[in-house]
Amino acid sequence: MTGTRFMQGLGDQKAIFLSLAAVAAALVLGLVLVAVIGVSIPDAVSAFAEGAWGSPYALAASINRSLVFALVGLGFILANRANLTNVGGEGQIAVGAIAAAGVCLYGGVAAMPLGFGFVLAMLAACVAGGVWGAIVGVLKVKAGTNEVISSLMLSFIGVWMLYGSVQSEAMLRQPMTSSSTLPESLEIPDATKLPLLTGDAGMPLHIGLPLAIVLAIVVAVVLHRTVFGLRLRAVGLNPLAARKAGIAITSSVIGVFFAAGALGGLAGSMMLQGEQYTIKAGFSSGYGFDGLVVGLLARGSVAGVIAGALLFGFIRSGGINMEMMASVPSSLVLVMQGVIIVSLAGAARWMDREGERR
Amino acid sequence: MSDMVGSAMVAVFAGSTLRLAIPLVLGATGELVSERAGVLNMSVEGMMLTGAFAGAVGAVYTGSPALGLLIGIIAVLPVALLQAFLSITLRANQVVTGIGINILVLGATTLAYREIFGGRSRAAVPGFDKWHPPLLGDIPVFGEAVFTQVWLVYLALALVALVAWTLRYTALGLAVHSAGSEPKAVDKSGLSVSAVRYGAVLFTGVLSAIGGCFLSIGDIHTFTEGMTSGAGYLAIAAVIFGNWKAGRMLLACLLFGAATALQFQLPALGIEVPNALLIMLPYLMALLAVGGLVGRQSAPAYLTQPYVR
């Protein structure tokens, strides 16, 4: 027992070291590219730092962004415990946001007492995302469909549903007052926006932060301390043996995809109610795919999801500011992100304990 | 008279369907080969974008679209080798490496494009002219609207036929198919599963690059940032909808091309169909197919599974 614990510790240290090395390599590459395009490195670095954590506002924006990655990542490791790969985060964010926007704008919840309006919208997003995720589980157990393929297709469908929902006034598009009215929804009522923790708009950390922390703990407990977690693990290791042992595979698989989808939907409602306040084309901004990558690189660990989510959140924020303040194209950040993903995915076999493949 | 107008519209529709389908046909034909060999290449999108970018840059610097095409094909090789090395040698997760490569390529091409062309975005690049084929090109109305296309269109159709024939009737095709369905048998027969899969991924890269070049130097004669905008994912959807068979896959590409062409044609006819519906139709069709609602699906048994001896 102590022996395996020890090996486990060593494996984790190696994984942390490799992850830091990949991030460091990407940062160095980023600096080199900044120099190549002829921007002063100190200017670029200070713009990056300013945008990532330089002010209370920037810090809060980075953390809010990380929350989205974290929720999708948590959903990913949950399904991954059963050896299932959920590539559907992007679509789950989109349908969650559609549901939340519908409830916020037309659900009559703005007038509800004690700010319950925003809670109902978040619940609606969870249900919508959960159902979107559960489709993947149903197809998996009923038709044997490869979940990577079905969840990927559902992602694209979800993204285009969101696009479609703001093209018509019969759906979520704001009333056309002139020919230049943009194809986007109305801004959601103030009562449905997420309450800020500090009550200060200069530091817009919202209630999603404590919620995400609670959910991270819940996911950790579910994975390691509950019968459901054990069942998932059994299904993942050997579905046949799990079935023989009397584990209800159908409900486990559909259930875990519902849960992963609900987390994705919640992420979408946080993007809407905590940050963007309207939905329009391109709403999900690839955050679902970033969250999937965060979940995958975390290799099943909740702490890994949190670390990865914060990393991606800060890098994204810093990159956006670098483009605005130091005219460094934000595509540079994409290059850095790509290098981190590719090198960590490639190094996964050295990071897994006992070199096992997942 | 209205017959003339009607057939002209049908011809224009058929022509643009074919034109819009060709990048998908090229990407999907490549993807078909690597999926049959067991590698889900999510990086088709990135490979196409690499081809579109390098092809355009090459055409600008050499002044020749043919050399641009060659440069586009050469430029994709490192990208394809990276995908192959990660997913075959390192046995990394195929989905995440593909997404990583797509992000990397989108960032790198956007950055490099701005560095090279600066403010001259959407600058025209030397491109291929349309080719007026003998006989077919002389058919009234249709000859001009449907068959007068850049020669890459005919190359793409020939490649589909060649790949279909190779997969079905040759030892090479059997090796590819077995690498994805019975890799142990391939190994026992003395062939290297890795070598077959490396070859398949490189082939995907080359075909995707040609598809990307068709977009930039074949069709619109310019490069725009992220110009593939999901064509690579559509190609993957076409392979799935096509049930990993070349003929049905080609049909799927044409169907997807038609859905895109309709986005432009229906408003002209005064027919209101939500644009979003037509855009999502290919993905919906692929989902229904893979969900077993359109006949039985038979994905390669070892798709996305790294091979361990």
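A residue is called buried if 20 or more other C-beta atoms lie within 10 Å of its own, exposed if 12 or fewer, and partly exposed in between, with C-beta atoms placed from the backbone. Helices here are DSSP runs of H or I with at least four residues, strands are runs of E with at least two, and both are numbered from the N terminus. Residues are numbered from 1 along each chain as its sequence is written, while chains are lettered from A and ligands numbered from 1 in the order in which they are written. This is a predicted model, in which local features need pLDDT of at least 70, side-chain atom pairs count only at pLDDT 80 or more, and totals for chains, interfaces and linings use all residues.

**Stop 1: a covered helix in chain A**

Select residues 287-297 of chain A. This is helix α11, and eleven of its eleven residues are buried. Among them are A:Tyr287, A:Phe289, A:Asp290 and A:Leu297. Just after α11(A), look at A:Arg299, where phi is positive at about 50°.

Now step back to A:Ser285. This residue sits in the loop between α10 (249-276) and α11 of chain A. Its phi is positive, about 45°, although A:Ser285 is not a glycine. Is A:Ser285 buried or partly exposed? A:Ser285 counts as partly exposed because it has 15 C-beta neighbours inside 10 Å.

**Stop 2: another loop in chain A**

Pick A:Asn83. It is found in the loop between α3 and α4 (89-106) of chain A. A:Asn83 has 15 other C-beta atoms within 10 Å, so it is partly exposed.

**Stop 3: the domains of chain A**

Colour chain A by domain. Domain bounds come from an automatic or database domain assignment. Chain A has domain 1 (14-37 + 331-358) and domain 2 (44-328). Their C-alpha centres lie 24 Å apart. The contact between them takes 13 residues from domain 1 and nine residues from domain 2. Two residues are in contact if their C-beta atoms, placed from the backbone, lie within 7 Å.

On the domain 1 side, show α1 (2-36) and α13 (331-351), which each supply at least two residues. The largest share, seven residues, comes from α13(A). By class, this side has ten nonpolar, one polar and two charged residues. Ala, Val, Leu, Ile, Met, Phe, Trp, Tyr, Cys and Pro count as nonpolar, Asp, Glu, Lys and Arg as charged, and the others, Gly among them, as polar.

**Stop 4: where the chains touch**

Show both chains. How many residues of chain B are in contact with chain A? There are 40, and they meet 39 residues of chain A. On the chain B side, α4 (94-117), α10 (231-241) and α12 (275-290) give two or more residues each. The largest share, 15 residues, comes from α4(B). This side has 28 nonpolar, nine polar and three charged residues.

Zoom in on A:Thr145, in the loop between α5 (116-143) and α6 (147-165) of chain A. With 25 other C-beta atoms within 10 Å, A:Thr145 is buried. Leaving out residues up to four places away in sequence, A:Thr145 touches residues of chain B including B:Val290, B:Gly291 and B:Gly292.

**Stop 5: the core**

Next, the largest nonpolar core, which has 230 residues. Such a core is a set of buried Ala, Val, Leu, Ile, Met, Phe, Trp, Tyr and Cys residues joined through C-beta atoms within 7 Å. Those with the most contacts inside this core include A:Leu71, A:Met153 and B:Cys253. Helix α3 (residues 56-81) of chain A gives the largest share, 15 residues.

Centre on B:Cys253. Not counting residues up to four places away in sequence, B:Cys253 touches B:Ala21, B:Leu24, B:Val25, B:Ala28 and B:Ala238. Then find B:Ala231, in helix α10 of chain B. B:Ala231 is buried, with 25 other C-beta atoms within 10 Å. Under that sequence limit of four places, B:Ala231 touches B:Pro23, B:Leu24, B:Gly27 and B:Met48.

**Stop 6: a kinked helix**

Finish on helix α11 of chain B (residues 246-268). There is a kink of about 40° centred on B:Leu262. The bend at a residue is the angle between axes fitted to the seven residues ending there and the seven starting there. Just after α11(B), B:Gly270 takes a positive phi of about 75°.
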